[in-house]
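Welcome! Here is a short tour of some side-chain contacts in the structure below.

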Amino acid sequence: MQTNRELFYRHLALTSDAPLAIEIEYARGVRLFTPQGKSYIDFISGISVSNLGHAHPEIVQAVANQAGKYMHTMVYGELIQSPQVKLAEKICNLLPERLDSVYFVTSGSEAVEGAMKLAKRYTGRNEIVSFRNAYHGSSQGALSIMGEESWKNPFRPLLPSLRLLDFNQTEQLNQITDNTACVFIEPVQGEAGVMEANPEFLSALRLVCNRTGTMLVFDEIQTGMGRTGSMFAFEQYGISPDILLLAKAFGGGMPLGAFISSNEIMASLANNPPLGHITTFGGHPVCCAAGLASLEIISREKLHDLALGKGEWIRNKLKHKNIAEVRGKGLLLAMDLGDEKKTRRLIELALEHGLLTDWFLFNPHSVRLAPPLIISEVEMEEAVTILLRCLDLL
Ligand code: PMP
(Lines give C-alpha, C1' and ligand atoms only; values in the text may rest on other atoms or scores of the structure.)
Protein backbone atom coordinates (compact mmCIF):
# COMPACT_ATOMS: atom_id res chain seq x y z
CA MET A 1 0.00 0.00 0.00
CA GLN A 2 1.27 3.47 -0.86
CA THR A 3 1.81 5.94 1.94
CA ASN A 4 -0.09 9.20 2.06
CA ARG A 5 3.15 10.97 1.16
CA GLU A 6 3.55 8.81 -1.95
CA LEU A 7 -0.07 9.35 -2.94
CA PHE A 8 0.33 13.10 -2.40
CA TYR A 9 3.17 13.26 -4.93
CA ARG A 10 1.55 10.71 -7.26
CA HIS A 11 -2.01 12.03 -7.50
CA LEU A 12 -2.30 15.58 -6.22
CA ALA A 13 -1.87 18.31 -8.81
CA LEU A 14 0.96 20.29 -7.26
CA THR A 15 1.90 23.74 -8.50
CA SER A 16 5.04 24.07 -6.42
CA ASP A 17 8.36 22.22 -6.67
CA ALA A 18 8.79 22.48 -2.94
CA PRO A 19 5.56 21.92 -1.02
CA LEU A 20 5.93 21.78 2.75
CA ALA A 21 4.63 18.18 2.53
CA ILE A 22 4.06 17.74 6.25
CA GLU A 23 1.32 15.23 6.94
CA ILE A 24 -1.31 16.47 9.36
CA GLU A 25 -3.04 14.03 11.69
CA TYR A 26 -4.98 16.62 13.66
CA ALA A 27 -4.78 20.24 14.82
CA ARG A 28 -5.73 21.91 18.09
CA GLY A 29 -5.43 25.55 19.10
CA VAL A 30 -2.24 26.96 17.59
CA ARG A 31 -0.68 23.54 16.94
CA LEU A 32 -0.60 21.08 14.05
CA PHE A 33 0.27 17.45 14.81
CA THR A 34 1.75 14.81 12.47
CA PRO A 35 1.00 11.06 12.58
CA GLN A 36 4.54 10.63 13.96
CA GLY A 37 3.65 12.82 16.93
CA LYS A 38 5.72 15.86 15.92
CA SER A 39 3.99 19.17 16.47
CA TYR A 40 4.30 22.57 14.83
CA ILE A 41 3.20 25.96 16.08
CA ASP A 42 1.04 27.36 13.30
CA PHE A 43 2.46 30.86 12.92
CA ILE A 44 0.61 31.67 9.69
CA SER A 45 -2.97 30.48 10.40
CA GLY A 46 -3.23 28.62 7.08
CA ILE A 47 -2.51 31.98 5.44
CA SER A 48 -4.73 34.15 7.61
CA VAL A 49 -7.65 31.72 7.85
CA SER A 50 -7.51 30.07 11.29
CA ASN A 51 -7.92 33.25 13.32
CA LEU A 52 -9.46 31.20 16.15
CA GLY A 53 -6.84 28.48 15.88
CA HIS A 54 -7.79 24.92 15.09
CA ALA A 55 -10.80 22.91 16.24
CA HIS A 56 -12.28 25.68 18.37
CA PRO A 57 -15.00 23.79 20.28
CA GLU A 58 -17.75 26.33 19.52
CA ILE A 59 -17.03 26.19 15.80
CA VAL A 60 -16.83 22.39 15.79
CA GLN A 61 -20.19 22.31 17.59
CA ALA A 62 -21.77 24.80 15.18
CA VAL A 63 -20.58 22.73 12.19
CA ALA A 64 -21.89 19.49 13.71
CA ASN A 65 -25.25 21.03 14.63
CA GLN A 66 -25.81 22.50 11.19
CA ALA A 67 -24.60 19.38 9.34
CA GLY A 68 -27.19 17.43 11.33
CA LYS A 69 -29.99 19.85 10.35
CA TYR A 70 -29.26 20.36 6.64
CA MET A 71 -26.31 20.83 4.34
CA HIS A 72 -26.91 21.86 0.72
CA THR A 73 -30.57 22.35 -0.10
CA MET A 74 -30.75 24.65 -3.13
CA VAL A 75 -28.61 27.09 -5.13
CA TYR A 76 -27.82 30.40 -3.45
CA GLY A 77 -30.55 32.96 -2.92
CA GLU A 78 -33.71 30.88 -3.23
CA LEU A 79 -34.47 29.32 0.13
CA ILE A 80 -34.34 31.06 3.50
CA GLN A 81 -31.51 29.47 5.42
CA SER A 82 -31.04 30.51 9.02
CA PRO A 83 -27.19 30.42 9.13
CA GLN A 84 -27.00 32.70 6.06
CA VAL A 85 -29.48 35.31 7.24
CA LYS A 86 -28.09 35.35 10.80
CA LEU A 87 -24.52 35.79 9.59
CA ALA A 88 -25.54 38.47 7.09
CA GLU A 89 -27.37 40.37 9.83
CA LYS A 90 -24.46 40.10 12.25
CA ILE A 91 -21.83 41.23 9.79
CA CYS A 92 -23.98 44.14 8.53
CA ASN A 93 -24.52 45.30 12.12
CA LEU A 94 -20.74 45.71 12.40
CA LEU A 95 -20.46 47.68 9.16
CA PRO A 96 -21.38 51.22 8.06
CA GLU A 97 -25.08 51.53 7.30
CA ARG A 98 -24.75 51.49 3.52
CA LEU A 99 -22.95 48.15 3.56
CA ASP A 100 -26.15 46.27 4.26
CA SER A 101 -26.39 43.60 1.57
CA VAL A 102 -24.25 40.46 1.51
CA TYR A 103 -23.66 38.16 -1.44
CA PHE A 104 -22.10 34.93 -0.14
CA VAL A 105 -19.55 33.01 -2.19
CA THR A 106 -17.04 30.28 -1.35
CA SER A 107 -13.63 31.88 -1.84
CA GLY A 108 -11.71 35.11 -2.08
CA SER A 109 -11.30 34.95 -5.85
CA GLU A 110 -15.03 34.51 -6.26
CA ALA A 111 -15.68 37.56 -4.10
CA VAL A 112 -13.38 39.52 -6.41
CA GLU A 113 -15.15 38.22 -9.52
CA GLY A 114 -18.56 39.10 -8.10
CA ALA A 115 -17.42 42.60 -7.14
CA MET A 116 -16.02 43.21 -10.64
CA LYS A 117 -19.33 42.26 -12.23
CA LEU A 118 -21.30 44.32 -9.73
CA ALA A 119 -19.22 47.45 -10.31
CA LYS A 120 -19.38 47.09 -14.10
CA ARG A 121 -23.11 46.48 -14.05
CA TYR A 122 -23.91 49.31 -11.60
CA THR A 123 -21.71 52.00 -13.19
CA GLY A 124 -22.14 50.89 -16.81
CA ARG A 125 -18.36 51.36 -17.18
CA ASN A 126 -15.66 48.81 -17.84
CA GLU A 127 -12.26 50.10 -16.73
CA ILE A 128 -10.86 48.51 -13.59
CA VAL A 129 -7.97 49.97 -11.60
CA SER A 130 -5.69 48.06 -9.25
CA PHE A 131 -2.23 48.50 -7.73
CA ARG A 132 1.25 47.10 -8.27
CA ASN A 133 2.08 44.15 -6.01
CA ALA A 134 -1.59 43.56 -5.26
CA TYR A 135 -2.85 40.00 -4.91
CA HIS A 136 -6.57 39.43 -5.45
CA GLY A 137 -6.73 35.74 -6.40
CA SER A 138 -5.99 33.28 -9.13
CA SER A 139 -9.15 33.06 -11.25
CA GLN A 140 -8.92 34.89 -14.58
CA GLY A 141 -10.60 38.11 -13.50
CA ALA A 142 -8.72 38.27 -10.21
CA LEU A 143 -5.48 37.39 -12.00
CA SER A 144 -6.09 40.22 -14.49
CA ILE A 145 -5.86 42.82 -11.72
CA MET A 146 -2.86 41.22 -10.03
CA GLY A 147 -0.07 43.72 -9.61
CA GLU A 148 2.83 41.53 -10.76
CA GLU A 149 3.33 40.92 -14.48
CA SER A 150 5.43 37.75 -14.39
CA TRP A 151 2.65 35.82 -12.67
CA LYS A 152 0.01 36.66 -15.25
CA ASN A 153 1.76 36.99 -18.61
CA PRO A 154 1.61 33.26 -19.49
CA PHE A 155 -2.16 33.34 -19.07
CA ARG A 156 -2.96 36.19 -21.47
CA PRO A 157 -5.27 37.32 -22.93
CA LEU A 158 -6.84 38.38 -19.66
CA LEU A 159 -9.47 41.09 -19.04
CA PRO A 160 -9.22 44.25 -21.17
CA SER A 161 -9.52 47.84 -19.87
CA LEU A 162 -7.25 47.53 -16.87
CA ARG A 163 -5.05 50.16 -15.33
CA LEU A 164 -2.30 49.41 -12.84
CA LEU A 165 -1.15 52.22 -10.53
CA ASP A 166 1.64 52.42 -7.95
CA PHE A 167 0.51 51.82 -4.38
CA ASN A 168 0.66 54.88 -2.12
CA GLN A 169 1.39 57.26 -5.04
CA THR A 170 -1.31 59.89 -4.61
CA GLU A 171 -0.25 61.83 -7.71
CA GLN A 172 -1.26 58.86 -9.92
CA LEU A 173 -4.85 58.87 -8.67
CA ASN A 174 -5.87 61.35 -11.37
CA GLN A 175 -5.78 58.36 -13.75
CA ILE A 176 -9.05 57.31 -12.14
CA THR A 177 -11.71 58.95 -14.30
CA ASP A 178 -15.36 58.95 -15.31
CA ASN A 179 -14.57 55.79 -17.29
CA THR A 180 -13.45 53.83 -14.23
CA ALA A 181 -15.94 51.30 -12.91
CA CYS A 182 -14.01 50.43 -9.78
CA VAL A 183 -10.73 50.46 -7.93
CA PHE A 184 -9.56 47.37 -6.07
CA ILE A 185 -7.24 47.89 -3.14
CA GLU A 186 -5.95 45.97 -0.14
CA PRO A 187 -5.69 48.46 2.76
CA VAL A 188 -2.62 46.46 3.78
CA GLN A 189 -1.05 44.66 0.83
CA GLY A 190 -0.49 41.10 2.06
CA GLU A 191 1.49 39.29 -0.61
CA ALA A 192 3.65 42.37 -1.20
CA GLY A 193 5.06 41.60 2.25
CA VAL A 194 2.63 43.51 4.50
CA MET A 195 2.76 47.00 3.02
CA GLU A 196 0.35 49.45 4.63
CA ALA A 197 -1.54 52.06 2.66
CA ASN A 198 -0.84 55.59 3.89
CA PRO A 199 -3.97 57.10 5.47
CA GLU A 200 -3.62 60.24 3.29
CA PHE A 201 -3.40 58.06 0.19
CA LEU A 202 -6.58 56.17 1.09
CA SER A 203 -8.41 59.42 1.89
CA ALA A 204 -7.35 60.86 -1.46
CA LEU A 205 -8.49 57.65 -3.17
CA ARG A 206 -11.89 57.88 -1.47
CA LEU A 207 -12.27 61.48 -2.66
CA VAL A 208 -11.32 60.66 -6.26
CA CYS A 209 -13.81 57.79 -6.29
CA ASN A 210 -16.53 60.08 -4.91
CA ARG A 211 -15.77 62.72 -7.53
CA THR A 212 -15.73 60.32 -10.49
CA GLY A 213 -18.54 58.00 -9.35
CA THR A 214 -16.09 55.08 -9.18
CA MET A 215 -16.79 52.19 -6.83
CA LEU A 216 -14.10 51.77 -4.19
CA VAL A 217 -13.57 48.06 -3.47
CA PHE A 218 -11.62 47.08 -0.37
CA ASP A 219 -10.17 43.61 -0.57
CA GLU A 220 -10.14 42.66 3.12
CA ILE A 221 -9.89 38.97 2.36
CA GLN A 222 -6.63 38.77 4.29
CA THR A 223 -6.95 41.81 6.57
CA GLY A 224 -10.55 41.24 7.73
CA MET A 225 -11.96 39.42 10.76
CA GLY A 226 -9.69 41.05 13.31
CA ARG A 227 -6.34 40.24 11.76
CA THR A 228 -4.98 43.81 11.74
CA GLY A 229 -6.27 44.95 15.13
CA SER A 230 -9.79 46.02 14.19
CA MET A 231 -12.58 43.82 12.83
CA PHE A 232 -11.91 45.32 9.39
CA ALA A 233 -8.74 47.21 8.51
CA PHE A 234 -10.70 50.08 6.91
CA GLU A 235 -11.99 51.11 10.34
CA GLN A 236 -8.49 52.34 11.18
CA TYR A 237 -8.50 54.77 8.26
CA GLY A 238 -11.73 56.65 8.84
CA ILE A 239 -13.09 55.85 5.39
CA SER A 240 -15.25 53.05 4.07
CA PRO A 241 -15.55 51.23 0.75
CA ASP A 242 -18.52 50.91 -1.61
CA ILE A 243 -17.88 47.17 -1.82
CA LEU A 244 -16.15 45.12 0.87
CA LEU A 245 -14.63 41.71 0.14
CA LEU A 246 -14.23 39.02 2.79
CA ALA A 247 -13.07 35.40 2.69
CA LYS A 248 -10.27 33.42 4.41
CA ALA A 249 -11.05 33.78 8.16
CA PHE A 250 -14.68 34.75 7.45
CA GLY A 251 -15.79 31.08 7.46
CA GLY A 252 -14.05 30.19 10.74
CA GLY A 253 -11.99 27.57 8.85
CA MET A 254 -14.70 26.62 6.35
CA PRO A 255 -14.77 27.90 2.74
CA LEU A 256 -16.77 31.12 2.74
CA GLY A 257 -16.41 34.51 1.11
CA ALA A 258 -18.61 37.52 0.47
CA PHE A 259 -18.90 40.75 -1.44
CA ILE A 260 -20.88 43.27 0.54
CA SER A 261 -22.44 46.51 -0.66
CA SER A 262 -25.70 48.44 -0.41
CA ASN A 263 -29.13 47.03 -1.24
CA GLU A 264 -29.46 49.63 -3.97
CA ILE A 265 -26.18 48.69 -5.68
CA MET A 266 -26.76 44.95 -5.27
CA ALA A 267 -30.19 45.27 -6.87
CA SER A 268 -28.47 45.87 -10.22
CA LEU A 269 -27.58 42.16 -10.33
CA ALA A 270 -31.28 41.26 -10.28
CA ASN A 271 -32.29 42.61 -13.70
CA ASN A 272 -30.97 42.90 -17.24
CA PRO A 273 -30.27 40.01 -16.94
CA PRO A 274 -32.04 38.59 -13.92
CA LEU A 275 -29.83 36.23 -11.93
CA GLY A 276 -26.85 38.42 -12.79
CA HIS A 277 -24.63 36.33 -10.54
CA ILE A 278 -25.23 32.68 -9.70
CA THR A 279 -23.52 30.26 -7.34
CA THR A 280 -24.46 26.75 -6.30
CA PHE A 281 -22.49 26.49 -3.09
CA GLY A 282 -22.02 30.16 -2.09
CA GLY A 283 -23.14 30.64 1.51
CA HIS A 284 -23.20 26.92 2.24
CA PRO A 285 -25.17 26.61 5.50
CA VAL A 286 -22.43 24.68 7.32
CA CYS A 287 -19.87 27.31 6.32
CA CYS A 288 -22.18 30.13 7.41
CA ALA A 289 -22.81 28.41 10.75
CA ALA A 290 -19.04 28.18 11.29
CA GLY A 291 -18.62 31.80 10.19
CA LEU A 292 -21.34 32.95 12.57
CA ALA A 293 -19.78 31.10 15.51
CA SER A 294 -16.40 32.53 14.62
CA LEU A 295 -17.69 36.10 14.36
CA GLU A 296 -19.47 35.76 17.71
CA ILE A 297 -16.27 34.59 19.39
CA ILE A 298 -14.08 37.31 17.86
CA SER A 299 -16.61 39.99 18.92
CA ARG A 300 -17.24 38.57 22.40
CA GLU A 301 -13.57 38.05 23.25
CA LYS A 302 -12.50 41.24 21.46
CA LEU A 303 -9.78 39.27 19.70
CA HIS A 304 -9.36 42.10 17.19
CA ASP A 305 -8.42 44.52 19.98
CA LEU A 306 -6.11 41.96 21.55
CA ALA A 307 -4.39 41.40 18.19
CA LEU A 308 -2.94 44.91 18.42
CA GLY A 309 -1.15 44.25 21.70
CA LYS A 310 -0.05 40.77 20.64
CA GLY A 311 1.43 42.12 17.42
CA GLU A 312 3.25 44.80 19.42
CA TRP A 313 4.57 42.15 21.83
CA ILE A 314 6.00 40.05 19.00
CA ARG A 315 7.55 43.06 17.30
CA ASN A 316 9.23 44.19 20.51
CA LYS A 317 10.79 40.76 21.04
CA LEU A 318 12.00 40.39 17.47
CA LYS A 319 15.27 42.27 17.73
CA HIS A 320 18.21 40.60 16.01
CA LYS A 321 21.15 41.56 13.81
CA ASN A 322 19.73 39.44 10.97
CA ILE A 323 16.41 41.31 10.97
CA ALA A 324 16.30 44.37 8.73
CA GLU A 325 12.76 45.35 9.71
CA VAL A 326 9.53 43.97 11.13
CA ARG A 327 6.49 45.47 9.43
CA GLY A 328 2.89 44.93 10.25
CA LYS A 329 -0.47 45.79 11.61
CA GLY A 330 -1.97 43.73 14.44
CA LEU A 331 -1.09 40.10 13.83
CA LEU A 332 -0.32 40.48 10.12
CA LEU A 333 3.45 40.76 10.27
CA ALA A 334 6.45 40.51 7.96
CA MET A 335 9.94 39.89 9.32
CA ASP A 336 12.17 41.33 6.63
CA LEU A 337 15.65 39.82 6.51
CA GLY A 338 16.65 41.86 3.45
CA ASP A 339 17.97 38.70 1.82
CA GLU A 340 16.22 35.98 -0.15
CA LYS A 341 18.58 33.10 0.72
CA LYS A 342 18.47 33.85 4.43
CA THR A 343 14.69 34.05 4.27
CA ARG A 344 14.37 30.60 2.69
CA ARG A 345 16.85 29.15 5.17
CA LEU A 346 15.06 30.74 8.13
CA ILE A 347 11.75 29.21 7.05
CA GLU A 348 13.42 25.76 6.76
CA LEU A 349 15.16 26.09 10.12
CA ALA A 350 11.98 27.23 11.85
CA LEU A 351 10.19 24.19 10.46
CA GLU A 352 12.92 21.90 11.78
CA HIS A 353 12.42 23.55 15.18
CA GLY A 354 8.63 23.04 15.09
CA LEU A 355 7.47 26.46 13.89
CA LEU A 356 5.48 26.91 10.69
CA THR A 357 6.05 30.24 8.92
CA ASP A 358 6.05 31.00 5.21
CA TRP A 359 7.14 33.47 2.54
CA PHE A 360 5.17 36.03 0.53
CA LEU A 361 4.36 35.75 -3.18
CA PHE A 362 5.85 39.12 -4.11
CA ASN A 363 8.43 39.65 -1.39
CA PRO A 364 11.15 37.00 -1.31
CA HIS A 365 13.15 38.61 1.51
CA SER A 366 10.46 38.63 4.20
CA VAL A 367 9.05 35.91 6.44
CA ARG A 368 5.28 35.77 6.99
CA LEU A 369 4.20 35.86 10.66
CA ALA A 370 0.43 35.70 11.19
CA PRO A 371 -0.48 33.44 14.11
CA PRO A 372 -4.05 32.70 15.19
CA LEU A 373 -5.51 35.64 17.13
CA ILE A 374 -6.09 33.34 20.12
CA ILE A 375 -2.36 32.74 20.61
CA SER A 376 -1.33 33.07 24.27
CA GLU A 377 1.72 34.89 25.63
CA VAL A 378 3.34 31.56 26.53
CA GLU A 379 2.86 30.33 22.97
CA MET A 380 4.16 33.61 21.52
CA GLU A 381 7.22 33.34 23.78
CA GLU A 382 7.83 29.80 22.54
CA ALA A 383 7.52 30.86 18.89
CA VAL A 384 9.72 33.93 19.24
CA THR A 385 12.38 31.91 21.07
CA ILE A 386 12.46 29.49 18.12
CA LEU A 387 12.69 32.37 15.64
CA LEU A 388 15.56 34.03 17.53
CA ARG A 389 17.41 30.71 17.81
CA CYS A 390 17.01 30.15 14.05
CA LEU A 391 18.13 33.71 13.31
CA ASP A 392 21.31 32.93 15.32
CA LEU A 393 21.92 29.94 13.05
CA LEU A 394 21.82 31.92 9.78
N1 PMP B 1 -7.36 38.68 -1.97
C2 PMP B 1 -6.38 38.62 -1.05
C3 PMP B 1 -5.93 39.89 -0.40
C4 PMP B 1 -5.81 37.40 -0.70
O5 PMP B 1 -4.83 37.37 0.22
C6 PMP B 1 -6.28 36.23 -1.32
C7 PMP B 1 -5.70 34.86 -0.97
N8 PMP B 1 -4.37 34.86 -0.63
C9 PMP B 1 -7.30 36.33 -2.27
C10 PMP B 1 -7.82 37.57 -2.58
C11 PMP B 1 -7.83 35.10 -3.00
O12 PMP B 1 -8.51 34.28 -2.14
P13 PMP B 1 -8.77 32.74 -2.51
O14 PMP B 1 -7.44 32.05 -2.47
O15 PMP B 1 -9.73 32.26 -1.46
O16 PMP B 1 -9.38 32.71 -3.87
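Tyr-76, Tyr-103 and Phe-259 form one aromatic cluster. This is a predicted model, in which local features need pLDDT of at least 70 and side-chain atom pairs count only at pLDDT 80 or more, while totals for chains, interfaces and linings use all residues. Residues are numbered from 1 along each chain as its sequence is written, and side-chain values use heavy atoms, leaving out hydrogens and water.

**Aromatic pairs**

- The structure holds twelve aromatic pairs; rings of Phe, Tyr and Trp (its six-membered ring) pair if their centres lie within 6.5 Å, and planes under 30 degrees apart count as stacked, over 60 as edge-to-face and the rest as tilted.
- Phe-131 and Phe-167 make an edge-to-face pair, because their ring centres are 6.2 Å apart and their planes stand at 75°.
- This pair links distant parts of the chain, 36 residues apart: Phe-131 is in strand β5 (residues 127–131), and Phe-167 is in the loop between β6 (162–165) and β7 (180–185). Helices (H or I, at least four residues) and strands (E, at least two) are DSSP runs, numbered from the N terminus.
- Phe-131 and Phe-167 are both buried, where buried means under 20% relative accessible area, exposed over 50% and partly exposed in between (1.4 Å probe, protein chains only).
- Trp-151 and Phe-362 also form an edge-to-face pair, at 6.0 Å centre to centre with 70° between the planes.
- Because Trp-151 lies in helix α7 (residues 149–152) and Phe-362 in the loop between β16 (358–360) and β17 (363–369), their pair ties together parts that are 211 residues apart in sequence.
- Trp-151 is partly exposed at 36% relative accessibility, whereas Phe-362 is buried at 11%.

**A charge over a ring**

- Arg-344 lies over the face of Trp-359, 5.0 Å from the ring centre; a charge sits over a ring if NZ of Lys or CZ of Arg is within 6 Å of the ring centre and within 35 degrees of the ring normal.

**Salt bridges**

- There are 13 salt bridges in the structure, each a side-chain nitrogen of Lys or Arg within 4 Å of a carboxyl oxygen of Asp or Glu.
- One of them joins Glu-127 and Arg-163 (3.2 Å, N to O), linking strand β5 with strand β6 across 36 residues.
- Glu-127 is buried at 11% relative accessibility, and Arg-163 is partly exposed at 31%.
- Arg-300 and Glu-301 meet in a salt bridge (3.1 Å, N to O), and salt bridges that share partners join Glu-58, Arg-300 and Glu-301 into one network.
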